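Please read it alongside the sequence and the model.

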Amino acid sequence: MHILVINDDGPPSNQSSPYVHAFVHALQKTGHHVSVILPHQQRSWIGKAHFVGHVTKPTYFRPGTLHEDDGTTHPRPLSSEEDEEEWVLVNGTPATCAQLGLHHFFQDKPPIDLVVSGPNYGRNSTSLFSLSSGTIGGAMEAAVCRKKAIALSFAFYSRDHDPELIAGACRLSVKLVEHLYNHWDEDADLYSCNVPVVADVENHKVLYTHALQNYWTSGSSFQEIEATEDDEDPQSREQEIRESEESQSASAQGKTTRHQHRHFKWAPKFSDIQKSIDESPPGNDGWAIHQGYTSVTPLKANYRHASNISMGEIKLSPANSRSSAPVFYAVIDADPYVLPLIHSALSANFPTQSYGFLDSPRTTTIRCP
């Protein structure tokens, strides 16, 4: 299967994007062909936005060691003769990545079967998270392009990124992605999946859930802060001084300004979300994650969960069983005109998950069971 991976956390980083490299690696180990296009920097909480009037430019990322921040970014792509792994980074949003990945990059490869947005650094459960999620926004963009799409989020409980826990979450996620792709419900445009990064997660329940409808109940999600000099440019500072002089003069004449000049920072009260989960009945996505289960919420491309899918447990293969892998591999050496015809013939006669592609018979060893 050809899977396009996007996210909202940007390229691999132990600080802001600790899961995407391990997940791509897990997909590749299972035999899937993976193309990757990501925002060049953190773009969380941006939803399904696009930057109007903004010129989007790519750079090219070569991932380094798993769980290490040693990948490198380059202004130009590798030549076609070089076989080093390379991802695309763009100065855009997750939704932009979906558009460019589907329609402008990777055109020399077989058609994309599935878009996976994530794994997000943190959960995207309940409405308050989901409505602003760049992870879900990217998957939503793929869905409105008529592609099967999955938003994948990892609910972490420690910022000490344990490679074993991450590996377990990735293995489960690969199985879940394969299961959903092969059992796609016609009423679902996309799925939002939340996987807890906990020990033995592969043996925890995987449940269909609905999105918990919750609300901010503690007032504003912004906090007033003192307006300081060090976050203003000289022109703004000069204007502030002049306004201060005018304000003092007006005050001396008994006049007041229309608005008090204040600064604010975003500071949502996440305790509202936990309270809503504690007070909710079982069956929603927030509750499932709180129990240590994996939640799978079918969605329409309008931010509502699909209503006619029966809720309940999803039975995956046991944690120690082998994931489904291609039945055979194809090594194709053809010119650009013939190559798409061969890909089309294979996809027309075989399920996409039953075969894979190898770059070169001289450099790849196939180990049979």
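At the start of H4, a side-chain oxygen of Ser133 comes to within 3.1 Å of the backbone nitrogen of Thr135, helices here being DSSP runs of H or I with at least four residues, numbered from the N terminus. The model is predicted, with local features requiring pLDDT of at least 70 and side-chain atom pairs pLDDT 80 or more, whereas totals for chains, interfaces and linings use all residues. Residues are numbered from 1 along each chain as its sequence is written, and side-chain values use heavy atoms, without hydrogens and water.

Helix H4 (residues 134-144) is mostly covered, with 10 of its 11 residues buried, that is, under 20% relative accessible area with a 1.4 Å probe and protein chains only. Just after H4, Arg146 adopts a positive phi of about 65 degrees.

H4 also packs against helix H2 (residues 94-103), their axes (lines fitted to C-alpha atoms over the stretch in contact) being described in the table.

| Feature of H2 and H4 | Value |
|---|---|
| Approach of axes | within 7 Å |
| Crossing angle | roughly 35 degrees |

Pro94, Ala95, Ala98, Gln99 and Leu102 in H2 meet Gly134, Gly137, Gly138, Glu141 and Ala142 in H4, through heavy atoms within 4.5 Å.

How values were computed: Buried means under 20% relative accessible area, exposed over 50%, partly exposed in between (1.4 Å probe, protein chains only). Helices (H or I, at least four residues) and strands (E, at least two) are DSSP runs, numbered from the N terminus. A polar contact is a pair of N or O atoms within 3.5 Å; within protein, one must be able to donate a hydrogen and the other to accept it, and residues adjacent in sequence count only if both atoms are side-chain atoms. Axes are lines fitted to C-alpha atoms, for helices over the stretch in contact, and angles run from 0 to 180 degrees between N-to-C directions.
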